[in-house]
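Could you walk me through this model in the viewer, one selection at a time? I would like to know what to click next and what I will find there.

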Amino acid sequence: MNDTRTAQTSAPRIPADQLHAYVRAIWEHAGSAPREAQLVADHLVAANLTGHDSHGVGMIPRYVDSLRDRELKLNGHASVVKDVGAVLTIDGGKAFGQVVAHEAMELGIERANKLGVCAVALRNAHHIGRIGHWAEQCAKAGFVSFHFVNVAGDPLVAPFGGADRRIGTNPFCAAFPRAGKAPLVLDFATSAVAYGKTRVAYNQGKEVPPGSLIDHAGKPTVDPAVMMQAPFGALMPVGGQAGGHKGFGLAAMCEIFGGALSGGYTTHDDTLQQTNAIINCMLSVIVDPNAFDAPNAEAEADAFVEWVKASPLAAGVERIYAPGEPERATRAEREANGIPVDPETWRQIRDAALAAGLSHEQADGWSVRLR
Ligand SMILES: NC(=O)c1ccc[n+]([C@@H]2O[C@H](COP(=O)([O-])OP(=O)(O)OC[C@H]3O[C@@H](n4cnc5c(N)ncnc54)[C@H](O)[C@@H]3O)[C@@H](O)[C@H]2O)c1
């Protein structure tokens, strides 16, 4: 598991349902309809539950800034701009990604149910957060899915061999559902660490793992401050100095499938984001596993997982995880013990709650109840 999960365990814990209620209250005060506030809270709290604090409630201040900049549009919905049966193109209109991605997956699942497969291109969505959430929505309905995502116009990652930021942290995700069992879910940023994890490390005064960052001069560093204040450095692509060509290649295909094929945009001179908005474009391919001639697919997948887990453990390793298992383990632990939120992140969320329209008394009330 990554450093962020273990580093957070000493922070004060908040029960998931209470944190969910606070997030809903913040967005309802900001002007969201109850369903929108619910979907946003579902997503952010689930990200924390699965251990991805970088994409959890700590995103609220950034979303409130984006709302203030009139970049995040409240109460918007997914709008189908082209429908050719097994291919849907959807515009997110800079509405909450937590709403438009949910709606895009609903439409894609419905179509894949009829046709066996559906490619859904979603463009111009405000931040769609943890991509595993969308793969889990597909898996819950019984569908395999692949997701290629770009973070349009927001370069943070150096290309392999480059020394400045040119690409987004472009996540890739794939999931395989299993009847009566949790799905296998692979979901990662194509940067060596997700940007949000450098924010969490910075807030906690921690270093990031070696091979994750370069400074403004292109020199390797473990100090997350190079991502938070000028002169800015860059994240390395996944694979770092040895295998970074593969991470860079996958990031490039996420950029092109997500940003270009959706009719959205890729990152270059003309599209650099000037505000706090995070704009995601995503190509999702949703497939009915029953459409293949593969009655043993699940048994074969299970046999493979069992086989790799039987490998002798490397020194210092406690167990081998299948894709998605670390998130499930963290979810079980946090559902039982609460979600850790460090004091600096809590302070930032409180400021954002005030900016969203809560009174000081209301914000203090939540702090007293939750801390
Ligand atoms: N919306 C956006 O713009 C955006 C951009 C970047 C990242 N993200 C999200 O950020 C989140 C975090 O990404 P990340 O790159 O930091 O994730 P990460 O480095 O924690 O990797 C997560 C993946 O690796 C697997 N994994 C983790 N530890 C493992 C182990 N010990 N053995 C085997 N498998 C293991 C997990 O099951 C998961 O599939 C993701 O949910 C991603 O979708 C979103």
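Start by selecting R178, which is buried because its relative accessibility is 12% (buried means under 20% relative accessible area, exposed over 50%, partly exposed in between, with a 1.4 Å probe and protein chains only). Helices (H or I, at least four residues) and strands (E, at least two) are DSSP runs, numbered from the N terminus.

A word on what you have loaded: this is a predicted model, where local features need pLDDT of at least 70 and side-chain atom pairs count only at pLDDT 80 or more, while totals for chains, interfaces and linings use all residues. Residues are numbered from 1 along each chain as its sequence is written, and side-chain values use heavy atoms, leaving out hydrogens and water.

Next, colour the open sheet of seven strands, which has mixed pairing and the order β2-β3-β4-β11-β5-β6-β7 (two strands pair if DSSP finds at least two bridges between them). Its edge strands, each pairing on one side only, are β2 (79-83) and β7 (181-189). From one strand to the next, the twist averages 15 degrees.

Zoom in on β3 (residues 87-91) and β4 (residues 117-126), a parallel pair with five bridges. Here I90 stands opposite L122 in β4.

Then show helix α8 (residues 240-260), which lies across β5 (144-151), β6 (171-178), β7 and β11 (279-287) and runs at about 95 degrees to β5. Contact means heavy atoms within 4.5 Å; axes are lines fitted to C-alpha atoms, for helices over the stretch in contact, and angles run from 0 to 180 degrees between N-to-C directions.

Back to charged pairs: select E71 and K94, whose side chains meet in a salt bridge (2.9 Å, N to O). E71 sits in the loop between α4 (60-68) and β2, and K94 in the loop between β3 and α5 (97-115), 23 residues apart.

For the last stop, pick E325 and R328, both in helix α10 (residues 325-337) and three residues apart, about one turn of the helix. Salt bridges that share partners join K309, R319, E325 and R328 into one network.

Methods: A salt bridge is a side-chain nitrogen of Lys or Arg within 4 Å of a carboxyl oxygen of Asp or Glu.
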